[in-house]
Amino acid sequence: MQIKTIVLALAGIAFAACGSRHGHDHPQDLNFKPAYLGDISSTTYDGASDDLLTAGLGKTGLAANAPPVYTDPAHPTPAELRRNAIYSNYRAVLDIAANSGYGTLYGPNVDAGGVAGAGEGKIAGSEHIAYTDDNTTLMVQVPAGFDVKNPCIVTGTSSGSRGIYGAISTSGEWGLKNHCAVAYSDKGGGTGLYTFDDDSVNLRNGVRATRAVAGKNATFAPQLSDAERAAFAAAYPGRIAFKHAHAQLNPEKNWGKTTLQAVEFAFYVLNEQYGALARDNQSHLVALTPKNTITIASSISNGGGAALLAAEQDTKGLISGVAVSEPQIQPRASSGYTVRQGATAVPGQGKGLYDYSTYAALYQPCIAATAAAPGRCAALAAKGLLSGGDLSAQQSDARARLRAYGWLADSDVLQAAHASTNVLVAVTYAYAYGKFSVTDKVCGFSFAPTDASGAPVAFTAEQKASSFATQSGIIGSVVYEDAVGGAKAYNLGVSPASGIADQSLDGFLCLRSLATGVDTVTGAPLTGTLATNSARVRSGIAEVLASGNLQGKPAIIVHGRGDTLIPVNFASRAYAGLNASVEGGASKLRYIEVTNANHFDVFTNALPASVVPLHLYLFRALDAMLANLRTGTPLPPSQVVRTVTRADNTMALTGANLPVIATAPAAGNAISVSGTTVTVPD
């Protein structure tokens, strides 16, 4: 239950990050709202009927197989949408199976010390939401137990393309349990479903409205005239647009910036709450600053990459340290350093997301193929991009090509399961990096719900109404507009060039060409529109690359060795090498690689013989970082943590399966950095 809601509409004056603490009302002592923030909505939750972490659902409600129902499914309330958004986002990131550790090793009822309790884990406190002038959502949660004598802030930038609650179960949960304020950002992504048929959008509170009614209160609306909208709706019924892909802003270039803005917002909120009143009895004095408050930049996946970028870009001393898991980080260079596993230099170090996702989008669907539907493998072989005389041989060659490109053998068991994921990534980021309009139909691709035959259909009214709570930020199915016989879901599309059910291969060859600047089949340089589009995409990629300079900040990166979506050779291992080449002996970066862990903990219960949850290691990294910043406890050395899998999912994971991060790892587990060479033991 929402106890109170207020709106703060104070003058937009820049936040004073370093106010004096001498008790005089000098202008620099006053707590000013950052100029880029609009109105702030603030709600207090009692921790019983509703709360910050579980939206009143508690451990039990979050584990329920069915989401909470709406009183009126066609018109859910903002409070109901928030509740269901927290339910969806919490479950999307964690494996909530009891035998995988939910409720015993992690979950709302497990306290900051890792001890499971009998309660539901609800956390009282206040929640503050604002929107920046570039339409990014920021949120600050302040638990009722915030320790003003030992103040701390943790960032919770959303993973993937998720909305503002995307990090609720990761760094958000850890921060709330450790009595820290949590500074969230959707980093310019987030749910923003636009439907052409009725010209409707999500309002910022999740409720639907027409684009005209919403105005600037829309989470996202495409840059189209009414005539353009109507023409596209008539020609392509059922198609949709969403914020990350179609806002024409390349939001990734601002991920670090928006994470830093979330921290500034947190300082503003905290000083409004804990700063003394000034002499005017209206303004508050600055009590908490970066000098007396610990701030840890954290999160996972895209959010983890955003945390690293924020630390690199921090010119105000806002961030004290970094602790991230499986970061999607793209080093600005793939040379000037060396990454080895054992005695062998790894292949593919430092490749970019769009590069490897488009490569995976060619070969993973072949690995996922069946004898009844071998078309992708056969079509690749016909174009000389795959070897083998039968399906089994072709699939073996596809795995070998992925390993040669930089994936580890540890990923083999997960390659098929990632086929559809990398398709979504490849198409979404082509639009985002190239800043293309939804009407551009890049490489023949669009987005829409589809029916059993693969034909595009419209979202129902109830699906639209609940979209804020149910969508991950990448919305609908990938549709191949140029398929033989008309538009089809990509996996059912027949390419004109092949004439077989090749899962729309021509479109994915086009996406791959945008990454490389050459024709994927012939190797010839691109010309015409393809060359222009490739230049646009690669220009957008250049805007998001990481420098590797953490400015001497202590940092811990945790990554699963079996990560198939963001492979370690492309991201974390390479970032450690780049950091070594930039910071040298001044670096305080530690790299923890966890065996049998991958990008998606939800596979833990499905593949128990191959996968353990990485989630627990993010919390352990955060524990180590807080201890280092608060008491000077040395950071753990870089190391491989060797986990133990289960034979089947009837067996419960315990601490024996998930050993701690060692304070003094054995020689065979130590990751070494010598000069610019990072060596990871086999």
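This is a walk through the structure in your viewer, one selection at a time. Keep in mind that the model is predicted.

**Stop 1: the disulfides**

How many disulfides does the structure hold? There are 3. Count the bonded cysteines along the chain and you'll find the pattern 1-2, 3-4, 5-6.

Select Cys 152 and Cys 180 to start. These two form a disulfide, with 2.0 Å between their sulfur atoms. Now look along the S-S bond: the torsion of Cys 152 and Cys 180 is about -95 degrees, so this disulfide is left-handed. Cys 152 sits in strand E5 (residues 152-157), while Cys 180 is in the loop between helix H3 (171-177) and strand E6 (181-185), so the bond ties together parts that are 28 residues apart in sequence.

Next, pick Cys 366 and Cys 377. A disulfide joins this pair too, S to S 2.0 Å. Is the link of Cys 366 and Cys 377 left-handed or right-handed? With 105 degrees about the S-S bond, the link is right-handed. Cys 366 belongs to helix H9 (residues 353-367) and Cys 377 to helix H10 (residues 375-382), so the pair ties together parts that are 11 residues apart in sequence. Cys 366 has 0% relative accessibility, so it counts as buried. Cys 377 also counts as buried, at 0% relative accessibility.

For the remaining pair, go to Cys 443 and Cys 510. Their sulfur atoms are 2.0 Å apart and form a disulfide. The torsion about the S-S bond of Cys 443 and Cys 510 is about -70 degrees, so this disulfide is left-handed. Find Cys 443 in the loop between helix H12 (419-434) and strand E15 (445-448), and Cys 510 in helix H15 (residues 505-516); because of where they lie, the pair ties together parts that are 67 residues apart in sequence. Both Cys 443 and Cys 510 are buried.

**Stop 2: helix H9**

H9 has 15 residues and reaches 20 Å from its first C-alpha to its last, close to the 21 Å expected at 1.5 Å a residue. Where does the kink in H9 lie? Click on Ala 361: a kink of about 35 degrees lies there, shortly before the proline Pro 365. H9 is mostly covered, with 14 of its 15 residues buried.

**Stop 3: helix H8**

Now color residues 301-313, which make up helix H8. H8 has 13 residues and reaches 18 Å from its first C-alpha to its last, close to the 18 Å expected. Among the buried ones are Ser 301, Asn 302, Leu 308, Leu 309 and Glu 312.

Zoom in on Gly 303, which is found in this helix. Gly 303 is buried, with a relative accessible area of 0%. For a bit of practice with the distance tool, go from Gly 303 to Lys 149: C-alpha to C-alpha, these residues are 28 Å apart in space, and 154 residues apart in sequence.

**Stop 4**

Select Gln 503 and Ser 504. Most residues other than glycine have a negative phi. Gln 503, though, has a positive phi of about 55 degrees without being a glycine. Ser 504 isn't a glycine either, and has a positive phi of about 60 degrees. Gln 503 lies in the loop between strand E17 (488-489) and H15, and Ser 504 lies in the loop between E17 and H15. Are they buried or exposed? Gln 503 counts as buried at 14% relative accessibility, because the cut-off for buried is under 20%. Ser 504 is buried, with a relative accessible area of 0%.

**Stop 5: the cavities**

Finish inside the protein. The structure holds 2 cavities of 30 Å³ or more.

To find the largest cavity, select the residues that line it, including Ala 85, Asn 89, Tyr 165, Phe 468 and Gln 471. About 60 Å³ of space lies in there. Its lining has 4 nonpolar and 4 polar residues, and no charged ones.

The second largest cavity has a volume of about 30 Å³. Asp 197, Arg 239 and Lys 464 are among the residues that line it. By class, this lining has 4 nonpolar, 2 polar and 3 charged residues.

How values were computed
Residues are numbered from 1 along each chain as its sequence is written. This is a predicted model: local features need pLDDT of at least 70, side-chain atom pairs count only at pLDDT 80 or more; totals for chains, interfaces and linings use all residues. Side-chain values use heavy atoms; hydrogens and water are left out. A disulfide is a pair of cysteine sulfur atoms within 2.5 Å. Helices (H or I, at least four residues) and strands (E, at least two) are DSSP runs, numbered from the N terminus. Buried means under 20% relative accessible area, exposed over 50%, partly exposed in between (1.4 Å probe, protein chains only). On a 1 Å grid over the protein atoms alone, a cavity is a set of points where a 1.4 Å probe fits but cannot get out, and a pocket is an open set with protein on both sides within 12 Å along at least five of seven lines; lining residues have an atom within 4 Å of a point. Grid points are joined across faces, edges and corners, and a volume is the space filled by probe spheres set on the points. Ala, Val, Leu, Ile, Met, Phe, Trp, Tyr, Cys and Pro count as nonpolar, Asp, Glu, Lys and Arg as charged, and the others, Gly among them, as polar. The expected span of a helix is 1.5 Å times one less than its number of residues. The bend at a residue is the angle between axes fitted to the seven residues ending there and the seven starting there.
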